[in-house]
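Visitor: I would like to learn how to read a sheet from a set of coordinates. Please take me through one case.

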Amino acid sequence: MKSEIIFESGDHKWVVFGRDPQKKNEVIDTNEFVIINNGEAMILDPGGIEIFPQVLSEITKYVSLEQIKTIFASHQDPDIASSLAMWLDLIPDIKIYCPWLWTGFLSHFGMGVNFTLNGIPDEGMEIKIGNQGSSVFAVPAHYCHSSGNYSIYDPKSRILFSGDIGAALIPIDYPLYVDDFASHIKYMEKFHLRWMPSTQHLRSWVRRVRAINPEVIAPQHGAIFAGANVTKFLDWLDNLEVGKYEMGAETTDINKTIWLKWKK
Ligand SMILES: [Fe+2]
Ligand SMILES: [Fe+2]
């Protein structure tokens with residue numbers, strides 16, 4: 001698994017982990033982010049069980065286990081947080097924040113470990129990175145794609161972690177940052193058209209993010225948007241009509257099959 005520092009100023013740092021050449025082909029590639037502030041660390045979307053050993057060995061090149069204080073899970077998907085029990089096993093007092101809507105569901109990843117999930121309210125909240133020092137903000141991103149979902153904004157670095165918004169299914173050797181936005185669209189379009197269920201909620205997320213005015217948008221899959229590409233990305237989302245997947249007909253072949261086999 002590769003890692004790179006994407007922001008560093010004083011005692012504040014962001015590191016991205018991903019582009020894992022060791023992962024199985026059928027496992028979708030994910031980006032994990034770690035914010036280190038004042039010697040304490042927070043992991044954003046720690047990832048799935050399948051990649052836990054690689055993530056752990058790469059993260060501990062930057063911080064010791066004792067320094068990792070907080071985990072944020074943007075939503076309930078297995079690629080986001082199915083590794084929770086492993087992290088809890090190593091760091092029993094780690095604080096986990098996730099959407100309140102998914103606390104009962106994410107608890108299924110517990111594997112017998114005792115833990116409490118801190119539910120983020122619908123309107124979002126401020127979350128401390130560690131026990132002292134700076135905070136980040138959980139910004140509502142409901143229905144983008146999950147019904148209970150948040151981005152994370154860090155005012156110190158002006159980076160917005162966008163979860164699955166901006167996700168791109170890219171080749172493993174793709175650059176970390178989006179270069180030519182127009183040619184990047186082909187890696188994002190199908191993902192957004194199928195996984196994002198609501199144009200209305202996507203538009204409100206874009207409005208919220210424009211008001212925050214981040215310098216960088218970092219998604220959980222694919223490449224990072226920086227500089228002029230942040231505005232290009234938000235403009236692209238503002239013109240996208242999602243949630244339109246059509247089966248083509250009210251009744252489908254499966255109806256015919258059922259009727260033919262079970263008509264008597
Ligand atoms: Fe997801
Ligand atoms: Fe994802």
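**Reading the sheet**

Guide: Start with one pair of residues: Met42 stands opposite Thr70 in β5. This is a predicted model, in which local features need pLDDT of at least 70, side-chain atom pairs count only at pLDDT 80 or more, and totals for chains, interfaces and linings use all residues. Residues are numbered from 1 along each chain as its sequence is written, while chains are lettered from A and ligands numbered from 1 in the order in which they are written.

Visitor: In which sense do β4 and β5 pair, and over how many bridges?

Guide: Two strands pair if DSSP finds at least two bridges between them. Strands are DSSP runs of E of at least two residues, and helices are runs of H or I of at least four, numbered from the N terminus. Here β4 and β5 pair in the parallel sense over four bridges. β5 and β6 (residues 95-99) are also parallel, over three bridges, with Ile71 opposite Ile96 in β6.

Visitor: Which strands pair in the antiparallel sense?

Guide: Among them are β3 (residues 32-37) and β4 (residues 40-44), over five bridges, where Val34 stands opposite Ile43. β1 and β2 are antiparallel over seven bridges, and Phe7 has Trp14 in β2 as its bridge partner. The hairpin of β1 and β2 has two residues between the strands, and Gly10 takes a positive phi near 60 degrees there.

Visitor: What is the order of the strands in the sheet?

Guide: The seven strands run β1-β2-β3-β4-β5-β6-β7 in an open sheet with mixed pairing. Its edge strands, β1 (2-9) and β7 (117-120), each pair on one side only. Neighbouring strands are turned by 20 degrees against each other on average, direction ignored; axes are lines fitted to C-alpha atoms, for helices over the stretch in contact, and angles run from 0 to 180 degrees between N-to-C directions.

Visitor: How many residues of β5 are buried?

Guide: A residue is buried if 20 or more other C-beta atoms, placed from the backbone, lie within 10 Å of its own, exposed if 12 or fewer, and partly exposed in between. In β5 (residues 68-72), five of five residues are buried. Over the protein chain of 264 residues, 41% count as buried.
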